[in-house]
Amino acid sequence: MDITFKDVSYTYQPGTPFQGLGLEHVSLTIESGSYTAIIGHTGSGKSTLLQHLNALLKPTAGVVQIGDREITPETNNKNLKAIRQKVGMVFQFPESQLFEATVQKDIAFGPQNFGVPEAEAMARAIHMVELVGLPADVLEKSPFDLSGGQMRRVAIAGVLAMQPEVLVLDEPTAGLDPVGRREMMALFTRLHEEQGMTIVMVTHQMDDVANYANHVIVLENGQLAKSGTPREIFADPAWLTAKHLGLPTTTQFAQALIQKGFVFDQVPLTEHELAAMLQAQLPSKVGERRE
Ligand SMILES: Nc1ncnc2c1ncn2[C@@H]1O[C@H](COP(=O)(O)OP(=O)(O)OP(=O)(O)O)[C@@H](O)[C@H]1O
């Protein structure tokens with residue numbers, strides 16, 4: 001299911017002293033099956049854009065097309081359930097929204113709320129706990145007895161239990177330790193590669209953009225500043241720096257190497273790419289070491 005923005009603008013609290021511009025004339029497509037990263041400085045409109053992906057916000061001008069459904073400023077707030085099911089939204093620190101007595105009930109709550117019979121919803125919860133990499137014995141535990149990282153997995157399992165086609169994540173690794181972050185990112189890669197799920201992720205982690213995404217949307221002051229593949233986006237480090245956006249660690253390291261006289265045909269984005277490019281430039285030395 002593609003999601004397309006056609007000249008979308010969104011104004012917060014129009015006509016009041018608190019009026020604020022969230023998005024301005026944004027046109028873009030998030031293709032079915034993509035892994036899209038949304039990046040941009042604070043206040044650039046990332047959260048506003050995310051909330052349009054499942055019609056939590058409706059554009060104040062323009063059209064958001066979600067699959068075959070068009071959302072316009074005139075769209076009635078009723079009958080949006082199908083969209084909410086197809087586009088699962090994981091907000092920042094989603095564990096704060098856990099509330100049921102057991103993990104299983106918490107995960108089953110969403111589907112039940114959407115009309116799935118209790119027995120099926122509870123069965124889905126068992127499957128989802130496994131999918132997000134938690135042991136089965138958490139099912140009967142209170143979510144509040146789990147670690148922070150486990151609670152976040154439970155919250156994500158609750159969204160996955162709705163069987164969405166698109167998973168939208170707002171800084172999903174914020175506050176996790178390095179191991180927790182890696183495991184969480186591996187989970188999204190599994191969902192993307194094994195289940196063909198479309199992933200849309202707001203992140204400040206440029207390493208994650210380089211390592212996982214295949215499409216990047218850069219926002220600035222509510223406008224689309226650039227979109228393309230990670231290679232296209234990171235090909236111009238000066239532009240990113242001017243926008244107060246970072247570079248992947250590897251790309252940054254490559255910049256230092258370029259200053260020392262190394263030449264790269266294209267910007268290395270990952271450790272493996274950089275290693276391969278360096279090996280190609282230092283064949284004799286690498287060979288000597290091996291012998
Ligand atoms: N409720 C609101 N009322 C008025 N203006 C708002 C409101 N919420 C957001 N805005 C404005 O809309 C613009 C975009 O905000 P948004 O939260 O989408 O940015 P963001 O990129 O997600 O920021 P962050 O990285 O800090 O989460 C900002 O200028 C912000 O001040």
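This is a predicted model: local features need pLDDT of at least 70, side-chain atom pairs count only at pLDDT 80 or more; totals for chains, interfaces and linings use all residues.
Residues are numbered from 1 along each chain as its sequence is written.

- Helices (H or I, at least four residues) and strands (E, at least two) are DSSP runs, numbered from the N terminus.
- Ala, Val, Leu, Ile, Met, Phe, Trp, Tyr, Cys and Pro count as nonpolar; Asp, Glu, Lys and Arg count as charged; the others, Gly among them, count as polar.

**Four-stranded sheet**
- Four strands make an open sheet in the order E2-E1-E4-E5, with antiparallel pairing.
- Two strands pair if DSSP finds at least two bridges between them.
- E2 and strand E5 (69–71) are the edge strands, each pairing on one side only.
- Neighbouring strands here are turned by 25° against each other on average, direction ignored.
- Axes for such angles are lines fitted to C-alpha atoms, for helices over the stretch in contact; angles run from 0 to 180 degrees between N-to-C directions.
- Strand E1 (residues 3–12) runs antiparallel to E2, joined by seven bridges.
- Ile3 stands opposite Ile30 in E2, and Val8 has Val26 in E2 as its bridge partner.
- E1 also runs antiparallel to strand E4 (residues 61–66), through five bridges.
- There, Ser9 faces Ala61 of E4 as its opposite residue.

**Six-stranded sheet**
- Another open sheet has six strands, ordered E6-E7-E8-E3-E9-E10, with mixed pairing.
- Strand E6 (87–90) and strand E10 (223–228) stand at the edges with a single partner strand each, so one side of each is left without a neighbour in the sheet.
- Neighbouring strands of this sheet are turned by 15° against each other on average, direction ignored.
- Strand E9 (residues 215–220) pairs with E10 in the antiparallel sense over five bridges.
- Glu220 stands opposite Gln223 in E10.

**Domains and their contact**
- The chain divides into domain 1 (3–247) and domain 2 (248–286).
- These bounds come from an automatic or database domain assignment.
- The centres of the two domains, taken over C-alpha atoms, are 33 Å apart.
- The contact takes 11 residues from domain 1 and 10 residues from domain 2.
- Two residues are in contact if their C-beta atoms, placed from the backbone, lie within 7 Å.
- Helix H7 (206–212) and helix H8 (230–234) each supply at least two residues of the domain 1 side.
- H7 gives the most to that side, with five residues.
- By class, the domain 1 side has eight nonpolar, one polar and two charged residues.

**Record annotation**
- The UniProt annotation "domain: ABC transporter", from an unreviewed entry, covers residues 3–246.
- UniProt positions are given in the numbering used here, feature names are shortened, and annotations may be inferred rather than shown by experiment.
- The end C-alpha atoms of residues 3–246 lie 27 Å apart, and the span is 36% helix and 25% strand.
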